[in-house]
Amino acid sequence: MKISLAEGEPNEQACADCAVRSLSICAALDRTELRELDHLGRHVHFRPRETVFAQGELTESFYNLREGVMRLYKLLPDGRRQIVGFALPGDFLGMATSARHGISADAVGPVAVCRFSRSSFARFIEDKPHLLRRVNELLVRELSQAQDHTVLLGRRLAEEKVASFLIGWRDRLARLGEATNRVPLPMGRQDVADFLGLTIETVSRTFTKLERDGLIEILPGGICLTDLERVEALAAA
């Protein structure tokens, strides 16, 4: 019988062979510990726009993103959506200070994760201070990204916001080994707008203006930073 996507399946690929191991919490573990972690995790796949976890749900699992991009967002009381970030391979998601998720996460495109039971992972980590340090490092990085996002939302000009987003996204992709001026944008314009606190019309006009001014070239599925120096200067303004 075929196992449903929601249930997940035992890890077929050993943690030691994972392509994003060096970027994730697993980088702190030796081979023996990785074998132990193998038995705790389940590979789960999500379709585009499928929910991985939802705001207000009990925090029962943690997720190590292996492939794809995830959209992290908060629903406001008036029904609006504020995107607070985008997760990339190597990011560890679902850890919360409360018993319930404070944000929602869904798949931008096809997504693959390693899912760990919260209780099992807590037992696994409790006698591994080196792994706790690694988790703390990732939490500090997440806090830094949240602070950067707060600064970005405070920018006055739409051009500054969009330029800052493009440079920040390019730099995060570079951490995955994709250091290039051709920047894929798997998220839609509405996602970018909800992340920057702008309307989709403003985002579209700003992309068009940046292209007209020779800073970027709009490509299918992304952009090319044709004048990197000027985009970086605008992002730093």
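1. In the second largest pocket, β3 (51-53) makes the largest contribution to the lining, with 3 residues. β3 and β4 each provide at least two lining residues there. The space in this pocket comes to about 170 Å³. It is lined by 13 residues, of which V52, F53, E57, Y63 and R115 are the closest to the centre. Sorted by class, the lining comprises 6 nonpolar, 3 polar and 4 charged residues.

2. The mean pLDDT of the protein is 86, with 93% of residues at 70 or more. Residues 1-8, however, have a pLDDT below 50, and this stretch makes 11 contacts in the model beyond near neighbours in sequence. Where pLDDT is low, predicted coordinates should not be read in detail.

3. The largest pocket has a volume of about 1200 Å³. Its lining consists of 41 residues, and those closest to the centre are V84, G85, E142, Q145 and A146. Two or more lining residues come from each of β6 (81-87), β7, α3 and α4 (158-174). Helix α3 gives the most, namely 14 residues. By class, 20 lining residues are nonpolar, 13 polar and 8 charged.

4. Helix α2 spans residues 118-125, and its buried residues are S120, F121, F124 and I125. Viewed down the helix axis, these buried residues fall within an arc of 125°, and they therefore line one face of α2. Their cover includes α1 (31-40), β4 (61-67), β7 (92-93), β9 (111-117) and α3 (129-153).

Terms used: Residues are numbered from 1 along each chain as its sequence is written. This is a predicted model: local features need pLDDT of at least 70, side-chain atom pairs count only at pLDDT 80 or more; totals for chains, interfaces and linings use all residues. Side-chain values use heavy atoms; hydrogens and water are left out. Buried means under 20% relative accessible area, exposed over 50%, partly exposed in between (1.4 Å probe, protein chains only). Helices (H or I, at least four residues) and strands (E, at least two) are DSSP runs, numbered from the N terminus. The arc is that of the directions from the helix axis to the C-beta atoms. Contact means heavy atoms within 4.5 Å. pLDDT is the predictor's confidence in each residue, from 0 to 100. On a 1 Å grid over the protein atoms alone, a cavity is a set of points where a 1.4 Å probe fits but cannot get out, and a pocket is an open set with protein on both sides within 12 Å along at least five of seven lines; lining residues have an atom within 4 Å of a point. Grid points are joined across faces, edges and corners, and a volume is the space filled by probe spheres set on the points. Ala, Val, Leu, Ile, Met, Phe, Trp, Tyr, Cys and Pro count as nonpolar, Asp, Glu, Lys and Arg as charged, and the others, Gly among them, as polar.
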